Number of protein chains: 6
Amino acid sequence: MEEKNMQEILQKAEVLIEALPYIQRFNRKIIVVKYGGSAMVDEELKKSVIQDVTLLKLVGFKPIIVHGGGKEISKWVEKSGMKPEFVNGLRKTDAATMEIAEMVLGKVNKSLVQMVQELGVNAIGISGKDGGLLKVDKKYSDGQDIGFVGDVKEVNPKVLFDLLEKDFLPIVCPIGLGDEFDAYNINADDAACAIARAVNAEKLAFLTDIEGVYKDPSDKSTLISELSVSEAHELIGDGFIGGGMLPKLNNCIDAIENGVSRVHILDGRIPHCLLLEIFTNRGIGTAILGDGEERFYCKSQN
Amino acid sequence: MEEKNMQEILQKAEVLIEALPYIQRFNRKIIVVKYGGSAMVDEELKKSVIQDVTLLKLVGFKPIIVHGGGKEISKWVEKSGMKPEFVNGLRKTDAATMEIAEMVLGKVNKSLVQMVQELGVNAIGISGKDGGLLKVDKKYSDGQDIGFVGDVKEVNPKVLFDLLEKDFLPIVCPIGLGDEFDAYNINADDAACAIARAVNAEKLAFLTDIEGVYKDPSDKSTLISELSVSEAHELIGDGFIGGGMLPKLNNCIDAIENGVSRVHILDGRIPHCLLLEIFTNRGIGTAILGDGEERFYCKSQN
Amino acid sequence: MEEKNMQEILQKAEVLIEALPYIQRFNRKIIVVKYGGSAMVDEELKKSVIQDVTLLKLVGFKPIIVHGGGKEISKWVEKSGMKPEFVNGLRKTDAATMEIAEMVLGKVNKSLVQMVQELGVNAIGISGKDGGLLKVDKKYSDGQDIGFVGDVKEVNPKVLFDLLEKDFLPIVCPIGLGDEFDAYNINADDAACAIARAVNAEKLAFLTDIEGVYKDPSDKSTLISELSVSEAHELIGDGFIGGGMLPKLNNCIDAIENGVSRVHILDGRIPHCLLLEIFTNRGIGTAILGDGEERFYCKSQN
Amino acid sequence: MEEKNMQEILQKAEVLIEALPYIQRFNRKIIVVKYGGSAMVDEELKKSVIQDVTLLKLVGFKPIIVHGGGKEISKWVEKSGMKPEFVNGLRKTDAATMEIAEMVLGKVNKSLVQMVQELGVNAIGISGKDGGLLKVDKKYSDGQDIGFVGDVKEVNPKVLFDLLEKDFLPIVCPIGLGDEFDAYNINADDAACAIARAVNAEKLAFLTDIEGVYKDPSDKSTLISELSVSEAHELIGDGFIGGGMLPKLNNCIDAIENGVSRVHILDGRIPHCLLLEIFTNRGIGTAILGDGEERFYCKSQN
Amino acid sequence: MEEKNMQEILQKAEVLIEALPYIQRFNRKIIVVKYGGSAMVDEELKKSVIQDVTLLKLVGFKPIIVHGGGKEISKWVEKSGMKPEFVNGLRKTDAATMEIAEMVLGKVNKSLVQMVQELGVNAIGISGKDGGLLKVDKKYSDGQDIGFVGDVKEVNPKVLFDLLEKDFLPIVCPIGLGDEFDAYNINADDAACAIARAVNAEKLAFLTDIEGVYKDPSDKSTLISELSVSEAHELIGDGFIGGGMLPKLNNCIDAIENGVSRVHILDGRIPHCLLLEIFTNRGIGTAILGDGEERFYCKSQN
Amino acid sequence: MEEKNMQEILQKAEVLIEALPYIQRFNRKIIVVKYGGSAMVDEELKKSVIQDVTLLKLVGFKPIIVHGGGKEISKWVEKSGMKPEFVNGLRKTDAATMEIAEMVLGKVNKSLVQMVQELGVNAIGISGKDGGLLKVDKKYSDGQDIGFVGDVKEVNPKVLFDLLEKDFLPIVCPIGLGDEFDAYNINADDAACAIARAVNAEKLAFLTDIEGVYKDPSDKSTLISELSVSEAHELIGDGFIGGGMLPKLNNCIDAIENGVSRVHILDGRIPHCLLLEIFTNRGIGTAILGDGEERFYCKSQN
């Protein structure tokens with residue numbers, strides 16, 4: 001064999017061997033992946049996410065995908081002759097809008113199932129209605145009625161445990177049932193967080209459209225690679241965190257404080273960011289972890 | 001206690017006792033219910049079907065619902081500014097139509113889940129994509145390309161057996177995956193029949209908008225209560241069966257010839273027709289059974 | 001179909017649908033039925049009890065029958081040339097009487113097995129000897145030796161759990177083993193109560209020859225439909241309860257205070273009283289329940 | 001330690017070590033013991049049989065006892081003022097006699113349970129009614145109606161397998177159910193043989209009141225220690241076998257020809273004959289085995 | 001049968017029956033046997049130990065053998081041209097010695113497996129490396145480095161529970177892994193004691209070259225048959241215990257104080273001492289038991 | 001992130017994604033690895049083999065290692081003052097040599113266990129004695145007695161299936177038991193082949209000191225990447241295969257003809273050759289497969 005080939009081959013082996021301790025650490029552990037943002041729009045990124053999650057499944061992890069439907073819902077609402085309306089960033093969801101939201105989320109849900117099946121892994125797409133997974137309370141925005149928008153009040157994880165036991169990859173869209181068994185729309189980040197807590201996930205990973213958490217959002221060089229819960233509270237207290245990052249970071253804190261070991265805010269615009277974060281020595285984005293917990297990764301970011 | 005009360009009470013007991021041998025006979029058996037027609041439109045009938053299936057589940061049967069979406073698909077196709085088109089009774093299904101069909105079927109699917117959950121039973125709504133349940137071949141109508149319409153070529157029942165084992169009520173909408181992992185629309189009767197065969201169902205029941213099979217469709221007094229496979233073949237051969245009944249009866253024959261013990265064509269316009277057929281001495285509609293099989297029901301119809 | 005038939009059919013369906021929430025509530029729960037009194041003598045009532053219990057089994061409950069042998073024991077004692085003797089209502093049981101008592105109870109036990117098997121359900125008839133189910137202390141009546149009469153001192157429920165797990169209906173006759181492994185006769189009510197406690201039964205139902213508990217036994221209009229444990233204690237304290245009802249009510253209180261959710265004193269002279277109590281909105285007899293527990297049945301009695 | 005004590009101790013060890021290969025050979029194998037004759041009357045013998053079977057159970061075998069009630073039934077029939085009647089050696093069994101037979105067999109059955117429980121092993125006493133174990137056809141004696149006497153026509157071994165799985169020692173009395181679900185008396189040898197076949201027993205042992213099979217019944221020195229099926233057929237053909245031994249030997253042949261590996265006719269008058277036959281190098285009575293099967297025991301008899 | 005034969009036969013039966021209560025008491029209980037001393041050298045004794053343990057296995061116990069390699073290690077060390085060296089009774093174990101120790105222990109280990117397999121029982125020979133069974137800390141002798149000698153610091157009993165569940169007889173040699181995953185030699189008594197604690201053994205038996213514990217080691221008539229933990233502490237405190245017995249007795253105390261029910265110091269020079277101790281009324285050697293525990297054996301020693 | 005880093009990161013992801021279909025194909029399949037040659041001598045290679053097998057285990061395969069001891073046995077034989085002797089390439093193995101061979105193989109075996117445990121995976125090291133895994137016939141070399149050298153005559157795979165079920169990585173050294181339960185040395189290639197057949201392995205991989213099979217051994221450019229069984233027979237028939245390759249290739253053929261799907265002759269001198277063969281698109285060495293079987297790998301070699 002030629003020297004050059006040999007070299008290339010050995011590099012391949014090294015990448016695989018590098019993954020060994022991570023495979024071992026997370027073997028049979030549950031990993032909840034909140035899938036959203038650009039990674040849901042770009043076809044190449046979409047494929048890379050699905051490949052990543054499928055690989056996690058195959059090497060012995062137990063991933064659960066929670067996804068939103070964002071821009072497509074608005075598209076279909078408009079297509080139906082209605083006008084999307086938002087109150088404080090929350091979609092005002094009357095019955096007609098809810099009907100469309102559920103249809104769009106169902107469509108996205110099954111299209112992800114389809115992609116996973118194509119890679120030879122068994123997936124099942126469910127909403128929070130199935131098996132009574134997500135029970136919600138009606139949510140108000142500053143006291144204003146915004147329709148069928150809900151806050152998760154109870155998660156019944158039986159359906160997820162059953163599907164995992166039977167070796168399926170569960171794919172969940174964030175619709176829940178109210179007290180009267182009506183359908184309610186739920187923020188996908190919130191749903192992912194509530195599910196991660198209920199199944200006692202080892203990891204919760206958010207695929208986002210940013211690089212991670214910055215100390216100073218205006219200075220890209222201030223990206224934080226690891227953040228303890230206390231540090232996160234501090235950053236928020238100091239007013240450094242704003243916009244869409246604030247609720248996300250609160251979700252991260254909430255997950256960590258309720259038993260999830262580690263939460264990741266990943267840059268979903270990097271292909272295979274999930275795989276790279278989990279299987280290599282190189283950290284991607286920002287990891288939030290419990291105070292005093294060992295920062296074992298020693299992952300470099302530059 | 002007054003005489004009249006006593007009388008009424010005893011009648012109640014009799015109805016329950018009458019159910020005893022049927023509960024016993026079908027204990028832990030799989031029953032596939034094709035749910036469609038008026039029973040999907042009228043709210044009262046809808047509720048009665050869901051109550052019936054839920055009761056079947058609770059007393060130890062293993063029901064599976066397979067449903068269509070019929071009129072609602074056309075409604076939404078039109079709403080989206082397209083015109084529903086049919087070739088020989090089959091919906092011409094281009095990509096845009098398929099997208100809408102899948103959205104509508106998904107919506108109907110989860111609304112049934114919702115109703116079952118409200119009655120306290122755990123349901124999971126899936127399509128033929130989930131777990132690779134339904135694989136299809138592209139279907140042509142007299143050689144004409146009618147788009148994403150498929151014929152079931154393979155059923156992978158693992159997902160159904162898993163859900164039944166975990167005590168869920170599976171609710172299936174008839175979408176399948178083609179060789180290239182595209183979504184295809186499937187006739188709901190065909191899907192129900194293929195599924196009943198694959199899970200080796202004890203019973204397959206079609207909820208329809210007719211009273212049953214007539215010897216002479218123009219004479220309502222000629223309703224047939226029991227029909228052997230040979231008699232069914234004969235009826236078809238003699239040209240007595242026409243219209244929408246022909247493919248349905250062929251499905252019945254196909255099911256019986258492939259291991260399903262008994263197929264029922266029920267009048268879905270009668271509330272609780274399913275319950276009455278299964279739990280009482282009174283037959284509803286037409287039963288198709290294997291040649292030489294004991295016609296044990298002795299059910300009267302008049 | 002004629003209007004009248006249709007009407008009748010719908011009433012049937014209603015009875016079944018009425019049963020739905022009860023079937024659901026008690027699914028896989030253990031129900032101990034103390035079977036005795038007239039319901040053991042009259043052939044029609046006997047058949048109705050067996051049908052009821054068999055139906056409970058088939059729809060997913062886990063019934064256990066505990067029965068006595070009452071009048072037949074005396075009959076056979078006399079037939080053998082001895083004279084039945086009672087001390088304070090307890091049968092004086094010398095060795096010869098015990099031998100006959102055991103033979104008669106065994107005969108009754110297997111005849112019940114026979115009836116259940118005829119209805120197609122697997123039953124196993126055991127006494128408290130089998131698997132060491134019932135251990136007893138010798139019982140004295142006001143210090144007087146009355147022979148082989150025992151008080152349950154320990155229940156080993158393994159045999160019952162094993163039989164239930166293997167899907168048998170256990171039928172138990174109240175004979176126990178003393179410290180020296182001799183056979184002792186046990187009051188059937190006491191045995192049923194001890195067993196209900198040991199298996200953590202959801203319900204304990206006594207089939208009796210009275211309508212239920214009366215506030216004033218001389219006034220049949222004072223039948224009590226629901227009674228909390230405190231109210232039961234009060235009634236006893238007030239001296240309203242006498243005769244055979246006193247020990248029975250004490251058994252009820254004992255059962256409730258040791259984990260059984262609800263105890264029923266049913267009128268075994270009403271055919272299918274068990275079925276009606278459990279599956280319909282109409283209460284039969286008197287229900288005893290824990291203080292503060294929801295009186296959810298809303299069952300009417302008149 | 002003194003020499004003499006040492007000697008005695010080593011002999012004890014030798015007996016235990018001698019048992020080792022036999023314990024190993026029959027580990028987890030089913031052994032059906034037909035218990036009858038003197039061993040059921042003499043209290044010491046009774047105790048020795050129960051000790052033997054209990055020991056078999058404890059060291060890992062799966063024994064099943066099938067017992068008769070012989071002389072006691074007649075005793076109780078007479079006690080009830082009737083006269084025992086026999087036709088060709090079969091008890092004429094009218095309804096009243098059957099009732100007594102069942103009571104007596106039930107009493108014997110539970111007294112054996114009692115003895116086994118006393119030795120600390122869990123037993124369950126059943127008849128052929130329980131779990132539908134024994135189905136019978138009515139038996140006629142030379143065309144004459146002799147009442148409720150049955151021939152086993154079907155064994156449903158589920159109940160036995162379930163009890164063995166749950167680690168109980170099943171004790172069976174030979175009563176079966178006819179087509180109309182009436183109780184029928186069965187010859188205990190026949191019942192034991194039918195059960196041994198149905199559970200695919202490794203061994204079937206008859207405890208009898210003779211030393212074994214003789215070549216010449218008038219010459220005690222002609223006791224046969226091992227007999228192949230062919231040799232047994234021959235002996236019968238030559239007219240050497242008569243009296244009660246003929247049906248017993250036919251049962252042995254039947255068992256061997258239907259999958260039981262070895263049948264033993266043991267002298268139940270020797271204490272612990274069962275233990276000695278199974279655990280020592282010394283054969284007791286006559287062993288019947290398949291043609292060509294290795295006569296591996298090399299057991300001496302003198 | 002002749003009188004003398006009969007007599008002899010009955011004695012055999014008695015020995016077996018005598019074993020019955022002991023078989024029952026220890027059924028499915030774990031018994032750790034420390035195998036060492038003369039019983040490992042003399043071929044006859046070796047065979048008798050293996051027969052005993054195999055019999056224990058066959059009658060339902062769960063024995064685990066822990067063995068040393070003692071004299072053979074020195075023999076091979078010398079054979080390799082090195083000189084065995086001891087510090088305070090502990091073998092000074094440099095890398096070369098450790099290599100030889102492991103080879104010798106491995107050889108002994110597999111030769112025991114071989115003997116058990118020959119008796120028809122499945123054995124697996126492991127060291128403390130397999131499945132991470134024994135983790136050690138480096139041991140110093142009065143501060144002096146004596147090489148690869150370890151103290152057990154952690155037992156991971158999974159491998160033992162797995163092998164027992166799969167019906168193997170585990171045979172363990174006392175080598176453990178240090179923090180750097182090097183091999184360390186462990187005292188076999190210590191290893192047996194640590195394992196007995198970790199698997200929650202019912203019994204721990206040491207096969208030794210002495211008769212048992214003496215009150216006065218110089219007077220053989222002062223052999224103690226039963227010793228409570230307090231009495232053992234007292235004996236040690238009084239200085240009566242010395243030499244090799246001191247650490248052994250401390251191990252016994254440690255085991256009892258950590259959940260093992262009874263520890264035996266047996267005279268391994270008596271053939272089948274293990275069997276006799278466990279299966280007969282005669283005690284062998286000294287039993288150590290918890291304070292206040294019932295001295296149920298009533299075994300005589302003289 | 002810099003462009004160059006990004007590039008490197010994406011290449012890492014590609015390697016992992018490349019592995020996806022192979023992980024999927026061999027999920028839960030058994031892979032027998034014959035470990036020998038240089039890869040057992042060089043410390044770096046040793047580590048790379050253990051890493052590879054451990055990774056296979058972690059991602060869901062079921063690897064079994066079979067190893068030899070080759071040069072080390074000779075070394076220790078000499079160390080003990082004996083002279084290694086070979087007849088036709090087979091080691092003449094008298095009792096003393098066998099003792100040493102077993103000790104050395106045991107040492108190697110446990111050192112591999114140690115390395116796997118260090119990587120955090122549970123391993124158990126066994127020989128063919130454990131659980132009766134390998135039964136052998138004495139082997140003669142051209143009729144000449146060469147001592148304790150055996151041919152596998154029977155494999156009892158129970159122990160391997162049990163260990164795999166309990167999630168251990170079995171490591172096997174090639175010693176077997178003869179009819180008299182003596183230890184025999186077995187050629188490691190033969191043992192690996194016999195084991196692969198008995199456990200119905202998906203793959204059997206030989207780590208060797210050559211690049212693979214050559215059409216013309218003198219011309220390195222004639223390396224064959226895939227070889228059907230027929231082609232292999234042909235090559236042998238044509239006399240192209242000689243030396244140590246002949247028995248190895250015969251083992252390959254034997255394995256394929258007895259149910260193993262694919263056999264690999266890998267160059268053990270390439271680090272991670274096992275991983276690269278299994279997880280990448282690049283074939284290493286020569287694959288032998290059944291006639292007519294799809295050559296699905298499309299792996300390139302150059």
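**Exercise 1. Which residues does Ile195(D) touch, not counting residues up to four places away in sequence?**

Solution. This is a predicted model, in which local features need pLDDT of at least 70, side-chain atom pairs count only at pLDDT 80 or more, and totals for chains, interfaces and linings use all residues. Residues are numbered from 1 along each chain as its sequence is written, and chains are lettered from A and ligands numbered from 1 in the order in which they are written.

Step 1. Two residues are in contact if their C-beta atoms, placed from the backbone, lie within 7 Å.

Step 2. With residues up to four places away in sequence left out, Ile195(D) touches Val32(D), Ile64(D), Val66(D), Val155(D) and Val172(D).

Step 3. A nonpolar core is a set of buried Ala, Val, Leu, Ile, Met, Phe, Trp, Tyr and Cys residues joined through C-beta atoms within 7 Å; buried requires 20 or more other C-beta atoms within 10 Å of the residue's own, placed from the backbone. The largest such core has 617 residues, and Ile195(D) is among those that touch the most other members, together with Ile195(A), Ile195(B), Ile195(C), Ile195(E) and Ile195(F).

**Exercise 2. Describe how chain E and chain D are related, and what chain E brings to their contact.**

Solution. Step 1. Superpose the copies by least squares on the C-alpha atoms of residues with pLDDT of at least 70 in both.

Step 1. Count the residues: 27 from chain E and 27 from chain D. On the chain E side, helix 1 (3-26), helix 2 (43-58) and helix 9 (273-279) each give two or more residues; helices are DSSP runs (H or I, at least four residues) and strands likewise (E, at least two), numbered from the N terminus. Helix 1 of chain E gives the most, with twelve residues.

Step 2. Sorted by class, the chain E side has 16 nonpolar, nine polar and two charged residues.

**Exercise 3. How far from chain D do chain A and chain B lie?**

Solution. Step 1. Chain A has no contact with chain D, and their closest C-alpha atoms lie 27 Å apart.

Step 1. Chain B and chain D do not touch either, with 16 Å between their nearest C-alpha atoms.

**Exercise 4. Trace the hairpin formed by strand 6 and strand 7 of chain B.**

Solution. Step 1. Strands pair if DSSP finds at least two bridges between them. Here seven bridges join strand 6 (residues 134-141) of chain B to strand 7 (residues 144-155) of chain B, and the two run antiparallel.

Step 1. Asp137(B) stands opposite Asp151(B) in strand 7 of chain B.

Step 2. Two residues separate the strands, and in the turn Asp142(B) has a positive phi of about 50°.

Technical notes. Ala, Val, Leu, Ile, Met, Phe, Trp, Tyr, Cys and Pro count as nonpolar, Asp, Glu, Lys and Arg as charged, and the others, Gly among them, as polar. A residue is buried if 20 or more other C-beta atoms lie within 10 Å of its own, exposed if 12 or fewer, and partly exposed in between; C-beta atoms are placed from the backbone.
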